[in-house]
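I opened this notebook page to record what I looked up in one structure, beginning with the overall fold and ending with the annotated spans.

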Amino acid sequence: MFVIFVLTAIGLKIIGMPMWLALAIIAGFLNFIPNFGPILAMAPALLVALSQDPQTAFIVAGIYIFIQLLESNLITPKVQQHLIKIPPALIITSQVIVATFAGLWGIILATPIILIVILLVQDLYVKPQEEKNNPTVPPQ
């Protein structure tokens, strides 16, 4: 989230965008919502840019898309690879399913919920099955 805030602030400040700091803060905070947060963050930035002129709006859209591509293809995969091992398709699927039941809060909380479910399944089902099938390994 901090990296998105910094990159967005730098990009918007370079092009002379009004309210660049507030828009960068919004981008950083909404990056908490995987996949859909950056789209929500780009909307106010585009509205402010359109108040300047259409060319500025295209530049702002390009900045947000570039930052999101950088974050989605480099930053997030490296972090998720080391911290949580959730397949991206599972994250998106869980967001859609939980959002149908809980709306915006479902989108925000879908990733933590699916992580909890994965950990519970591993601890309560997978590990006992492995211990049962391999009795020579002492329990930890």
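My entries on the chain follow, in the order in which I looked things up.

**Fold.** I kept in mind throughout that the model is predicted. I counted 5 helices and 0 strands in the protein chain, and reading along the sequence I noted the pattern α-α-α-α-α. I then looked up the radius of gyration, which is 20 Å and thus well over the 14 Å that the globule rule gives for 140 residues, so the chain is more spread out than a compact globule. For the extent I took the principal axes, along which the C-alpha atoms fill a box of roughly 70 × 30 × 20 Å.

**Packing and surface.** I found that buried residues make up 28% of the 140 residues. Among contacts with a separation of 6 or more, I noted that 50% join residues 24 or more positions apart. The chain exposes about 9300 Å², and I recorded that carbon and sulfur atoms supply 75% of this area.

**Charges.** I looked up the 5 positive and 5 negative charges of the protein chain, and their mean positions are 4 Å apart.

**Annotated spans.** I turned to UniProt, where an unreviewed entry carries the annotation "transmembrane region" for residues 20-50, 56-75 and 96-121. I checked residues 20-50 in the model and found the span to be 81% helix and 0% strand, with its end C-alpha atoms 14 Å apart. For residues 96-121 I noted 100% helix and 0% strand, while the end C-alpha atoms of that stretch lie 21 Å apart.

Conventions. Residues numbered from 1 in each chain as written. Predicted model: local features only at pLDDT ≥ 70, side-chain atom pairs only at ≥ 80, totals over all residues. Heavy atoms only, no water. Helix = DSSP H or I, 4+ residues; strand = E, 2+ residues; numbered from the N terminus. Rg over C-alpha atoms; globule rule 2.2 N^0.38 Å. Buried < 20%, exposed > 50% of the residue type's maximum accessible area, 1.4 Å probe, protein only. Contact = heavy atoms within 4.5 Å. Areas by Shrake-Rupley, 256 points an atom, 1.4 Å probe, with all protein chains shown as cover. Lys, Arg positive; Asp, Glu negative; His and termini not counted. Charge placed at Lys NZ, Arg CZ, Asp CG, Glu CD. UniProt positions renumbered as here; feature names shortened; annotations may be inferred.
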